[in-house]
Each structure stands twice: as structure tokens, then as C-alpha cells.
Amino acid sequence: GRAAAPMAAELFGAGLLDGAGKEAVVGESEGFWLTEDDFVSTEGLGPRSLGSIGFPRDWPAVYNSSKALKTLIGGKKGLCAGKKVGVVPEPTAEETEQVKGVRLLPLQSFANAEKVEKATGMEVIRGWAVFEHLDLAVSAAFVAERYWWNAFPDGRWVDFTPRPEGWGELLLAEAAHGAPKALSRLSASSAELGRLLLGRRFPRSVSSASPPREAPPAASPDAAAGRNPAAKASKAPEKADARAAAPPAEASSSSAAGTAKPAESSAAAAAQEAEARKSLPSAVRELVDRVQGSDMAAVRELEEQLRNDEALAMKVAGSGVAAPLVRMLEDEAKLEEALKLLLVLTDSAVTYKGHEVQDALITAGAVEPLVRGLRLGSSEVQELSAAVLGNLCHESPTSQQRLAETDVFSPLVELLSAETNAAQEAAYAVWNLTVGNEANSARFVSLGAMPKLTELLRSPSDVAQENAAGALMHVTVCEEARAAVVQADAIPRLCELLKPAYEAEVSSQAAGALLNLASDCPEYAKAIASNEGAIGLLVNLVKDGADLAREYAAGALMNIVRADADAAELASKKGAIAALVGLLSTNSGRAEALGALANLASGSAERQIAIYKAQVTRRSVSLLRDPDVDIRRSAAALVMNLAPHAKIKERIVEAGALAPLTALLKDGDGAAKERSAGALANLFNDHSGNVLAGFQQAPEMVPSLVAILQEKGLTEEARRQAAHALAMLAAEDGSCDAVWSAGAGPPLLALLKDMIGEAALGIMNLSWRWPEVKQELSDGGAIESLMAMLKGGDAMAKEYAAGALMNMTVALDNAARAVPAVPALVGLLRSDSLQAAEWSAGALANVVRAGPKAQASAAAEGVVTLLTSLLLKATASGRSLVVLALSSVAEGDGLESLRKALGGQKEKALLWECRDCGIQELQEHTKTLLGKLGADFSL
């Protein structure tokens, strides 16, 4: 029960206000004003055309099921890539008291968050508020609005910005690569947009508000110092998710590059450009006017002024210079000067995420002459053309698509073999064209780009090395690209670039390329691990590298050691565990560090202990509740892989893992559900104390686990883990009743038909107590399914099926139905698994009692010899089952062969021991067997 604190209407009753709460003035009031760029819709709608929006209707399931939502914020490749996602309610009265006296305004989350940080020290979180288009089909379309909020010292998110009625909860996504917002003076366009949004969201508060006043033109500032254009640094595109390729982003427009795209109206566009020109200093405005008249001296002067002032360059880019500059590209005499200015303008668009600049240039027809410049221009023209093309599609799936509809691929591949400056910019363009775009990656592969990018890794230029490695990282989301990269022998050079002698940016991208190469590909992972020193270099990067390098290196280690015990052991010896644990205390790479630790822990008690001794237990448990789904997944994986250790599983429970793991069973992410179910299964396995603690602390886990058995869209592994956890719960009295009452029977029977061995284990533990449970399971076809599993299942499934049949066939009618299973059960007595053989003996003890047919079938399979052999090696608990089976065999024609088989000295000595032991059940079974063997059978 969170009681939301009301936000006072007088804070915004006067209409659009500035940060001080005064009436905003166009051209004068400075602030973080919302613009069209702050809204990204999967339907390509601008903020004026959004219609009805609100909290996603199918949350949390939609997070895992909607392609549209994944395209928007999914992983690290969405249009508005998010690294953490959380539902944030309105602040409570107690929380609001902490910001008492701070004036908070609607539509000003940016300023509000900074005010709160200044007043309270609460960290500003920058990202996006995510809404669903409520006018469209459920989960079909979404929109993100740039948004800032705060975090308490314990990491919990809180949002103090006043909300409209009905917005009790907001879905917030922290930006994977920042969601910057620059201070600017209020433009007429932003003022009109703000008033429109106020009217829609707070209708009662703005009904009488007047439009913002116009301010007089600003005075012209001093000219900025120039810079050398050759010193331009290539911009880093958005990085790919290291573990999975994202589907190609769908373009929001089908217009071909270079053709006119429908606009809201040409008059509106012209008005916006005129408004942008008004905001420019008078000297710059004069230069813009001259550029529009094709004055090349003005082009050169403007380029010099804007070279070191990206904020001003961004304003100029929106002032109507796109069309005249594109026209200049058609004139060979003006081409190079126009390209230099275009590069400055598009550089600013990259910095400020000015997708409208990219769109305006493409719509004006820039792509065709730029591609022609790649083919026919001088070396400098080729370099500039490639750089501008790279900027045009930077972090813009729409622009990627529009460029892909032209002949841009072949000339870029050809340019990769040119002199260094042109080649490195071509690699930069390849990088941006392939981020999250598998189709574009495949085209570059088919044209032979991989060997050329590999060769560019050997360039002495660090920019060339970085751009080539970055391109390889993103191209390798395509499987064909991975094979081509390996064939081009890129792995040794990528490993070389991890060394401290190379620039940090180069090592970061090299680690990212290795990370993607090793993803879900054991062959390539082994190839990386086999490079001398590669694992040690990755460990060093995790320990001492830049933030991005540490994240990518941790991800590479995660993928390399996933299925390679030798690599895992080597990484451990090189200090990977301490380095990865250290990364958990930072703000980047935590998901990758947790994943790498989870893979290191897999199957190795020694490494499990080493990770535990690094004091990671409580930290990993706390991260089970992290807003970032990748971190939740990886934390659950680490807990799951540490839990098989008998001592560590107790410490995990003591650290409070049961409640958050139970909560994760309802997470919107399927992988998080799977791993939390697996963690619970491992914590409960062979530990009745943990089972009891789990049921006492979080009994709601039972229906959640049952729900996973039936949920569509989850993996088979998720259902296996849930069935295993339920089987462990069913092994104890109180929780067994709860599992049955929660309706576990029917879904377990369904899984049984699919040969899921863990379902047989669940049936085994459910059927041990009540005759009516056995009957209901039998009526549901359990006996027939278990017999089929005995014949066609894997080794573990056969073992569990034998155990389930043992418990189910205590009822004589079930034993009669299981007679066809006798040959398979006798065969299982030969199993290398002692438990499988003992459970098979227990099942035979019941089934052979069904009559002569069962006895004859068992005798024909050599059951006496096999049971006698098993008795000599059975565990203390298993001896009762074997002796009971021998007693059942003695009831038929096999008595004489049984007397002979048990007549040896070792066998008689063991029977003597069983008869006189302190285990009552074994004593009774042994005395019964001896009675059937006859008075003349002496021990």
C-alpha cells in the first residue's frame, strides 16, 4: 500500500513556465524544453500525432513478447536502448516530504531531476518514459519520451515530476548510452508543443493560459575559434548486445533515399526553419542566408565558426541549409567545401541525436551524390563522403534502411582498401550501417568486406583500428559474418589489440568483436581461448580497462568459458574471479560480470568455493531485484550455478535469496523465470531444510512454479527447472500437499508425454503419500507415459521414470498395467547409476507381484543374477528395495535359481548383515526373503 502524495495544481496553473516558475518567453527563457526529438514512436508518429498513450496494457508479459517494445527499448540495440527498466509509482507522502520546498513543474522532468539532486543528493537517472499507443491493438505500438528522474541512495527509483490523472505508474527505462538534454532558449515550436501537451495532459490547469510571449532577438556572441577538420574523431555507434543478434529494425518510412518524403506541410517546415534562423546570432544568421545563396566563401567561414561549437552547429543544421548544401554536392567545384560543412553539421547531429538533421539531408537527396563521391571523388572527397554517410545512419534504423535501398554497399567495401583516412571512414560507415541490422551485415559479408576489415585492423592508425574492430563487432551478429571473420584470420589480430599498448577505444571494440564471435559458438570461443595470452589480456581489461572495455571483456569471458572447462580453469588462474567481482561495484558491465561468474561456477566445486570466498553471495542476491533485466537474469544464473554446492546453498538461503527468487518466477522476462526456477531447484535438491525454509518464507512460489509449467512461449528448459523445483517441494509433507493442491498434476502429466524427465521426478514425489493421488495420476495416463519414457528417454529420464513407477505401482492395479515395462526395468539394473538401478529394483518388487506373466518376463531377462549382483553394491537405503525385489521373484518359478544365486559365501554374509542390522524395514524384508528361501537355506 503506497499512498501517493498529491501534486499541487497551482504549480502549473499558469501554463508553460520556466525553471524559476515564471511565465516562459519565446527566444528568452532558457531551459530543458521538450522538442520533437524527445519522442520516438514505433509507428513513426510525432508528439503532435500520438493520440491516446498510457502504461503498457499487458505489462509485464509484453516486455518478453512484444517485438515492437523490444525494437524500442530492448537490450542495447533498441531505438531508445535501455539498460534498466522499472515500474515507478507516484512518490509517497513520506518521500515527497524529502523534496519539500523544491518547485516541481510538469513537462520539465529534466529540470526537476536536477533540482532534486541539488536539494537532496539523489542521483539523476537519464532515460525514457515508455507508453503504449492505446488507440492501436494491444502491445502493437509504443512511444518513448525522453525523461529524467532520481534514485534513492539504496538504488530505488523515484519520480517527483507532476503527472496527469490516471498515470499512477510510469514505465521508465534508463538509457544504455545516455539520454542527454541540452539547455536551450525556448523556440516557438517548443512553446507550441509544450502548450499542446499541457492541454492534453492537464486540461483543467491550462484552460485559461495565454501563449508564451515573444522575446526580442538575442545579441550576437563573439565568433568561436576554429579547428582543423582533419582532427575529427569518429563517433562510436550504439553497441550491440553481445549475446544475441537483434532483429533488423523496421523502417518507419518506405521512402527511398533521395526522394521526397511526405511532411506535415511545407509551410510548417518553412516556419520551423525560419524560427531556427531567428535563434541564431546575427552574424551566423547572415552566413546561413549567404549559404542558401550558394556563397562558397560563406560556406567556408561558417564551417570554421562551427567547427568547435557543436551546439551552435546543431541550430544551424535546422535552419534550412540542407537543401542548398545538397545542391552544391552536384557541383564538382563546390563539392569538397560543402562536404566539410556537412561533416560539421552531421557531427553535431550525432552528438545531440538530431535524427531530424539526418532525415532532412536524406530527404533533400544527399545520398546519391555522397555515394558518387565514394566512387569518383578525390581521396579527400571519398573520406568526407564516407564520414557523412556514417553520420547520416548513426543510431537511426530508419536512415539505415533508406541508405540500404541505394547502392551504398559496394563502394564502401571498395573504399576499405583505399588509403588510410578514406578506409577508416568507410569502416565507420559500415559500423553504423550494421548496428542491430543483420540484413545489412549479410550484404557486407557477401561483398567481401570481412577480409578488408581484418586487414584494416593492422593499420597503424588507431582510428582505423577502432572503426574496423567496431564494424566487425556489429557485423558479427550475422552468422555468415562470423564464419567469414574467422576465415579471414581476424581472431589473432583482435586478441593482439587487447594489449595495453593500444588505445583504450581500440581495445574496447576488439573485446566487443571477440565477445560477439564467441556468442553461442563453442568452436569460435575455443579458437579465441587458444590464442596465447588472450584470456589473460581479457582479465586485465576487466580489471584495469576503461568502462566500455571492462564490460565487453567481461562479456567475452562469459561467452568463452561457457562451454570450455579448460578456458574456465585458465581464466580462474589468471585472476578472473576477483576482477569480475570488482566489476560488480561499478555502474557498467555488471550483467556481463555476473554471467561470467555464473559460467565459471558451472560444474566446478573448486571455482564455486573461490567465488563464494570472494564474498559475492549477498551482492548477487541483492541484484536479483535490480531494475535491469539483464542483471536480474545473470544474478539468478550465478545463484543457480553456485547452489549445487552443499555448503554454499545454505549460505545463499541465509542471505535471503528465497523471496527475490520467488518474485522472479513472475518476472516479465522468460530467461529470468527459467534461471530463478533453476536456482530454487538447485537450492532444494538434496536439502530438506532449504525446502522447508522456502515453503515457509515464500509459499507463493508453488503456484508460480506450476504456472511456468503451463506458460506458452517459455523454453523447455524453463519447464524442466520448474518441474524439478516442484519435485523437491513434493518430497516434504507440507509442501507436497501444496504442490498437489496448486494443480501440478495435469501439467506434469503433459510434460511426461513430452519425455521431460523432471516431470517423472515430480510424479514420483507426488505419488508416494496418498492412494487417491496415485489413482488420479494413473487415470491421467501416467503409467503408460512412464513406460514410454523407460524405453525412449535419456538416462536421467529413465532413472526418474523408474522411481515414479516404483511409487505408482504400490497399488496392485497399477502394477498390473506396468507389466510391459518389466524388460526395460530389468535392463536398468545394469545402469551405471546406482540410484537408477535401485529404483528399478523397487519398481520390479511391485510389478513382479502382478502375476506369473510378470514373473516369467523378469526371469527371462535374467533378473535373479542382476538383483544378486546389485545387492552386493547397493547403498544402505537401496538394499531394502533390492531385498524386496528378490522376495517378489521368489514367489514364482525362480525360487531354485534364486537359492543358487544367493548361496555363495559373500551373498550369505550380506544377508546375515541385513537381517541383523538396525534398520527395521530392511530387517523385515530380509526375514521375509529368508522365509521364502526355505528352512534348509542356512546362513
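Colleague: How many of the residues of helix H28 are buried?
Modeller: This is a predicted model. Helix H28 spans residues 576-583 and is mostly covered. The buried residues include Ala 576, Ile 577 and Leu 583.

Colleague: Which helices do the buried residues of H28 pack against?
Modeller: The buried positions of H28 include Ala 579, Leu 580 and Val 581. The partners of these buried residues are helices H25 (534-544), H26 (547-560), H27 (565-573), H29 (590-601) and H30 (605-613).

Colleague: Is Glu 145 buried or exposed?
Modeller: Glu 145 sits in strand S7, residues 142-151. Leaving aside residues up to four places away in sequence, Glu 145 touches several residues, among them Asp 38, Trp 128 and Arg 201. Its relative accessibility is 4%, and buried means under 20%, so Glu 145 is buried.

Colleague: How many residues apart in sequence are the parts that Glu 132 and Arg 57 tie together?
Modeller: Glu 132 and Arg 57 form a salt bridge, with the closest N and O atoms 2.9 Å apart. Glu 132 belongs to strand S6 (residues 123-133), whereas Arg 57 is in the loop between strand S4 and helix H1, so the pair joins parts separated in sequence by 75 residues.

Methods:
Residues numbered from 1 in each chain as written. Predicted model: local features only at pLDDT ≥ 70, side-chain atom pairs only at ≥ 80, totals over all residues. Heavy atoms only, no water. Helix = DSSP H or I, 4+ residues; strand = E, 2+ residues; numbered from the N terminus. Buried < 20%, exposed > 50% of the residue type's maximum accessible area, 1.4 Å probe, protein only. Contact = heavy atoms within 4.5 Å. Salt bridge = Lys/Arg side-chain N within 4 Å of Asp/Glu carboxyl O.
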